[in-house]
Amino acid sequence: MSEGAHDSNAHVGTATGRQRRLASPIPLVDLAAQHRALENALREALTRMLDTSAFILGEEVEAFEREFAEFCGIGHAVGVGSGLEALTLSLKAMGIKRGDEVILPANTFIATALAVEAAGAKPVLVDVEPERYTIDPALAEAAVTRKTRAIIPVHLYGQAADMGPILDLAAKKKLRVIEDAAQAHGARLGEQACGAIGDAGCFSFYPSKNLGALGDGGMIVTGDADLAASLRVMRNYGQSAKYRHQMKGVNSRLDAFQAAVLRVKLRHLPKWNDSRRRLAARYRQELEALPIALPAESEGAVHVFHLYVVRVEDRDGLMRHLAELGVSCGIHYPVPIHLQEAFSELDLKEGAFPVTERLSGQILSLPMYPELTLSDIDRICEAIAGYFASPPA
Ligand SMILES: Cc1ncc(COP(=O)(O)O)c(C=O)c1O
């Protein structure tokens with residue numbers, strides 16, 4: 001999208017309170033903008049798919065696996081049906097099963113915990129760090145028992161978790177490390193890509209992710225050739241050769257059609273992540289003086305701002321004000337996993353994870369997608385400043 005596509009008549013709108021409603025509303029995410037820019041290349045890829053009619057695994061999936069592994073700087077990538085399946089299959093392929101425990105952060109999308117359940121193991125939640133919002137390594141260490149087999153750090157919102165102490169803990173206690181990199185395509189920690197640091201890294205290609213398909217999709221990356229080989233068998237009915245089933249596998253293959261789309265999009269990902277970082281820098285510049293906590297970027301890490309999450313005391317008031325002016329926001333996530341009905345059997349009450357619980361009442365995801373313009377960010381920030389200039393009584 002060209003700079004200024006939202007700009008026409010930007011300041012002509014209807015008045016709400018002291019501020020004017022934006023003439024063109026700003027969504028939280030705008031997938032159509034991305035697809036308009038790639039339309040020809042996407043149509044070409046889809047036509048190629050129709051011509052070959054090779055819809056299950058095959059060349060497109062293999063090519064995308066090679067290209068994504070290279071992007072992550074690691075030896076192997078295995079395409080699967082979703083991010084949830086990437087996590088579940090990684091746990092299963094590592095032999096994690098009923099009776100085992102797996103440590104993960106309380107502040108994450110529910111899929112991280114559901115994957116542990118799906119593998120038959122017990123999810124052990126721990127609280128997160130107050131500034132980075134990712135798993136607190138000291139609390140993870142305190143949660144290790146004789147039954148602990150693995151730890152899943154989540155690179156939440158596009159920022160790497162504190163991997164150094166987690167890798168040390170894993171080495172000391174002989175735990176496997178599975179990175180949940182569903183929100184962190186292209187994020188880095190020092191020289192390494194998120195996903196390529198632990199024993200396996202799991203990605204989601206849900207449409208709104210930094211690299212998103214036109215439907216569901218997922219990927220596991222690993223440097224372990226044996227693990228990659230079992231994952232390839234497991235995702236395809238446990239077949240080692242046609243109608244030869246070496247294990248009880250599942251049907252969770254990355255769609256060839258989605259692989260063709262993702263190959264087109266992968267070429268743009270570095271540029272899109274740069275754009276997200278530029279937009280984040282503008283948010284910081286414009287919001288720094290306001291009573292809002294802005295996302296912290298860790299030393300030596302490259303945050304790819306899948307989401308731009310701020311913290312504010314009266315989150316709901318600000319969110320309502322922005323909605324009235326035409327700025328859509330989100331909350332990731334309003335109810336922590338341990339307070340969800342689905343996990344009531346964990347028997348964890350309010351107060352179990354104070355940082356996560358406080359975050360759930362204060363976090364607000366502001367619009368963030370690569371096609372946003374700097375002037376869009378300025379308008380969003382003006383709307384936010386207006387709220388603090390005259391907050392509701
Ligand atoms: C942190 C995290 N883990 C796992 C997933 C699951 O991915 P999917 O929706 O592709 O199953 C998602 C995204 O939806 C996510 O944000």
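Guide: A crossing of two helices is left-handed if the near helix is turned anticlockwise from the far one by less than a right angle, and right-handed if clockwise. The model here is predicted, with local features needing pLDDT of at least 70, side-chain atom pairs counting only at pLDDT 80 or more, and totals for chains, interfaces and linings using all residues. Residues are numbered from 1 along each chain as its sequence is written, and side-chain values use heavy atoms, leaving out hydrogens and water.

Visitor: What is the handedness of the crossing of α3 and α9?

Guide: The crossing of α3 and α9 is left-handed. Helix α3 covers residues 59–72 and helix α9 residues 256–266; their axes come within 8 Å and cross at roughly 35°. Axes are lines fitted to C-alpha atoms, for helices over the stretch in contact, with angles from 0 to 180 degrees between N-to-C directions. Helices here are DSSP runs (H or I, at least four residues), strands are too (E, at least two), and both are numbered from the N terminus.

Visitor: How do you know which residues of α3 meet α9?

Guide: Contact means heavy atoms within 4.5 Å. On the α3 side you will find E60, V61, A63, F64, E67, F68 and F71, and they meet A256, A259, A260, L262, R263 and L266 in α9. The residues of this contact divide into 10 nonpolar, no polar and three charged. Nonpolar here covers Ala, Val, Leu, Ile, Met, Phe, Trp, Tyr, Cys and Pro; charged covers Asp, Glu, Lys and Arg; polar is the rest, Gly among them.

Visitor: What makes α9 mostly covered?

Guide: Nine of the 11 residues of α9 are buried. The cover over them includes α1 (31–37), α2 (39–52), α3 and α10 (269–287).

Visitor: Which residues are joined by a cis peptide bond?

Guide: The cis bond joins H332 and Y333, with omega about 20°. Y333 is in the loop between α11 and α12.

Visitor: How much space lies in the largest pocket?

Guide: The largest pocket holds about 470 Å³. Among its 26 lining residues, F109, S204, Y206, K209 and Y333 are the closest to its centre. On a 1 Å grid over the protein atoms alone, a pocket is an open set of points where a 1.4 Å probe fits, with protein on both sides within 12 Å along at least five of seven lines, and lining residues have an atom within 4 Å of a point. Points are joined across faces, edges and corners, and the volume is the space filled by probe spheres set on them. By class, the lining has 13 nonpolar, nine polar and four charged residues. Helix α4 gives the most to the lining, with three residues.

Conventions
Buried < 20%, exposed > 50% of the residue type's maximum accessible area, 1.4 Å probe, protein only.
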